[in-house]
Amino acid sequence: MSTTTTPAPSALAVLDRARAAMTARRRAEVEVLEAALAWAHAHVPAGEDDAAGWRSDIIHMPGSAAALFGERATPIAGEGTPAVAEFAVMELAAVLDISHEATLSLVGDVLDLAHRLPRTWALVKGLRVPVHLGREAARQSRDLDVVAAAHADRLLSWRPRRLNPHRVGVLVHEARLYADPDRAIADHDQALASRRVEVHHEEGAPGSSEVFMTLDTADAAAFDSTVSTMAATMRALGHPGDLGVRRAHAVGVLADPQQALDLLAAAD
């Protein structure tokens, strides 16, 4: 009695299968966006009071029954995009099986892409820019006016292969600076004013404390580099801890300037 065995797939066949699956997934994500856009365009409300927006929780007022109060209808996307009927968003949320808030975000993002970032939207539809980056661009640029958004769109679509979440933010900020330098500087100053270092002794496990820091980006990068260098030197000197433990120990060493200098000198 003879038996036959199925030959193992070749490495190239496995890679081709993975590539095909990823392409299919990205096409499906684009199709969801296109369907959401078509649904939104088909349900532009006749009046502003019927537009989709964020609603508050049930509020109990003295002398009256509980009532649901909603904010004045607000756009869910940036300037220049159409409003969408509230019930349409609810219906779409039910079909997609996601929350109302997630659906508002989805519809708002695709409206921004289609109406304010058409070049980026074309790249998303052509699978040259992943959906998540296109949506990130929509969110980052939502506060821009139409002219500034168009400038951001040109920047974003120039070298799409180089896009990542950080670069999207940088390019949108460049467009914001170009359109409104005073505001961009004010936003930067406000961000710097929020810098802080907090130490919570009561929230850590026994023998440890939690530290939270918000730093200037350049300072944070220098801090990260120094801590990494110190952690690597500790390992070379025989520290038994894993990377996270060594980095935490390095932060403690920084509290003693002379000890930190000695350790950094050993790294040279």
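**Figure 1. Nonpolar surface patch of the predicted model.** Val 197, Val 199, Val 211, Met 213 and Leu 215 together form a nonpolar patch on the surface, with about 410 Å² of accessible area. Accessible areas come from the Shrake-Rupley method with a 1.4 Å probe, and for residues only the protein chains shown count as cover. Patches consist of residues with over 30% relative accessible area and no salt bridge, nonpolar side chains (Val, Leu, Ile, Met, Phe, Trp, Tyr) being joined within 5 Å and like charges within 9 Å; a salt bridge is a side-chain nitrogen of Lys or Arg within 4 Å of a carboxyl oxygen of Asp or Glu. Strand 3 (196–200) and strand 4 (210–214) each contribute at least two residues to the patch. Val 211 lies in strand 4 and is partly exposed, at a relative accessible area of 47%. The classes are buried (under 20% relative accessible area), exposed (over 50%) and partly exposed (in between), with a 1.4 Å probe and protein chains only. This is a predicted model, in which local features need pLDDT of at least 70, side-chain atom pairs count only at pLDDT 80 or more, and totals for chains, interfaces and linings use all residues. Residues are numbered from 1 along each chain as its sequence is written, and side-chain values use heavy atoms, with hydrogens and water left out.

**Figure 2. Packing of helix 1 against helix 3.** Helix 1 (residues 11–41) and helix 3 (residues 100–116) pack with their axes 9 Å apart, at an angle of about 85 degrees. The two helices are therefore roughly perpendicular to each other (65 to 115 degrees; under 35 is roughly parallel, over 145 roughly antiparallel, and the rest oblique). Axes are lines fitted to C-alpha atoms, for helices over the stretch in contact, and angles between N-to-C directions run from 0 to 180 degrees. Contact (heavy atoms within 4.5 Å) involves residues including Val 32, Leu 33 and Ala 36 of helix 1 and Leu 106, Val 107 and Val 110 of helix 3. Helices (H or I, at least four residues) and strands (E, at least two) are DSSP runs numbered from the N terminus.

**Figure 3. Positive phi at Asp 97 and Leu 127.** Most residues other than glycine have a negative phi. Asp 97, in the loop between helix 2 (86–96) and helix 3, has a positive phi of about 60 degrees; at 69% relative accessibility, Asp 97 counts as exposed. Leu 127, in the loop between helix 4 (118–125) and helix 5 (131–140), has a positive phi of about 65 degrees. Leu 127 is buried, with a relative accessible area of 17%.
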